[in-house]
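Please read it next to the sequence and the model.

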Amino acid sequence: APGAFSNYNGHLVIDASVQTLIKSATVYSEDTNSVTFELRDASGNVIQSAIHTVYPGPQSLIFNFVVPAGNDFQLGVDASSGNIGLFRSNAGNGNSIPYPFDIGTVSITSSNAGNQYYYYYYDIEVMPYAHYEEVYICEGDSITIAGNIYDSPGDYTDVFFASNSCDSVLYISLDYHQSPPLS
């Protein structure tokens, strides 16, 4: 899409249906700079940040930002230095597909400049940070997960620790099967 290199403090507005990892993204830089990339809450408070040296042209950067389930998070940069020089494209007004952009469990709903621009993050790689399962058992039965025995309805969380630091989280919503009516 058409666009330009920008020093504007632009950000994307994103929603996450479940806790999600923003693993990486491609950015396009005009020059060599040190840029602070940020994930912020709806009020603009920084949740996580990553500092990268960017070089002219496209590059894929690792962020590993954990986005909680929720709405109106900001995926942007710290433009206080005034010299980020990253590419932003025109997103609306007939130039490309209008918002929202759905990427798995994340939806990019707009930018802080509305639907006219798309800021800085391209080819975003997202990964579910956890797995959610609905499980049904018969009354009196139980299930065992990660050494934990569950025999009553409720929401449970189990963490599987891996030696390579790629831990997994499993959310389970356990309920009883509905008994058929007897006559």
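Two strands count as paired if DSSP finds at least two bridges between them. Strands (E, at least two residues) and helices (H or I, at least four residues) are DSSP runs, numbered from the N terminus. This is a predicted model, in which local features need pLDDT of at least 70 and side-chain atom pairs count only at pLDDT 80 or more, while totals for chains, interfaces and linings use all residues. Residues are numbered from 1 along each chain as its sequence is written, and side-chain values use heavy atoms, with hydrogens and water left out.

**Overall make-up**

- The protein chain has 17 strands and zero helices.
- Of the 183 residues in the protein chain, 40% are buried; buried means under 20% relative accessible area, exposed over 50%, and partly exposed in between (1.4 Å probe, protein chains only).
- The protein chain exposes about 10,000 Å², and carbon and sulfur atoms supply 49% of that area. Accessible areas come from the Shrake-Rupley method with a 1.4 Å probe, and for residues only the protein chains shown count as cover.
- Among contacts (heavy atoms within 4.5 Å) between residues at least 6 apart in sequence, 69% join residues at least 24 apart.

**The six-stranded sheet**

- Six strands form an open sheet in the order S5-S4-S7-S2-S10-S9, with antiparallel pairing.
- Strands S5 (46-54) and S9 (101-103) stand at the edges with a single partner strand each, so one side of each is left without a neighbour in the sheet.
- Neighbouring strands of this sheet are turned by 25° against each other on average, direction ignored. Such angles are taken between axes, which are lines fitted to C-alpha atoms (for helices over the stretch in contact); angles run from 0 to 180 degrees between N-to-C directions.
- In a regular strand, side chains alternate between the two faces of the sheet.

**Strand S10 and its partners**

- S9 and strand S10 (residues 106-111) run antiparallel and are joined by three bridges. Phe101 has Ile108 in S10 as its bridge partner.
- The hairpin of S9 and S10 has two residues between the strands, and Gly104 in this hairpin takes a positive phi near 65°.
- Strand S2 (residues 11-16) pairs with S10 in the antiparallel sense over five bridges. Leu12 stands opposite Ser111 in S10.
- S10 is largely enclosed by the rest of the structure, because five of its six residues are buried.

**Strand S8 and Leu86**

- S8 is mostly covered, with five of its five residues buried.
- Strand S1 (residues 3-6) runs antiparallel to S8 and is joined to S8 by four bridges. Phe5 has Phe87 in S8 as its bridge partner.
- S8 also pairs with strand S11 (residues 117-119), in the antiparallel sense and over three bridges. The bridge partner of Asn90 in S11 is Tyr117.
- Leu86 belongs to S8 (residues 86-90) and is buried, at 0% relative accessible area.
- Leu86 lies 57 residues from Ser29 in sequence, yet their C-alpha atoms are 4.6 Å apart in space.
- Not counting residues up to four places away in sequence, Leu86 touches several residues, including Phe5, Ser29, Phe37, Val77 and Tyr120.

**Nonpolar cores**

- The largest nonpolar core has 32 residues, and those with the most contacts inside this core are Leu12, Ile14, Phe37, Phe65 and Tyr121. A nonpolar core is a set of buried Ala, Val, Leu, Ile, Met, Phe, Trp, Tyr and Cys residues joined through side-chain atoms within 4.5 Å.
- Strand S6 (residues 57-67) gives the most to this core, with four residues.
- A second, separate core has nine residues, among them Val135, Ile143, Ile145 and Leu170.

**Salt bridge**

- Side chains of opposite charge can pair when their charged atoms come close.
- The structure holds one salt bridge, defined as a side-chain nitrogen of Lys or Arg within 4 Å of a carboxyl oxygen of Asp or Glu.
- The salt bridge joins the side chains of Arg40 and Glu38, at 2.4 Å from N to O.
- Arg40 is buried at 6% relative accessibility, and Glu38 is buried with a relative accessible area of 10%.
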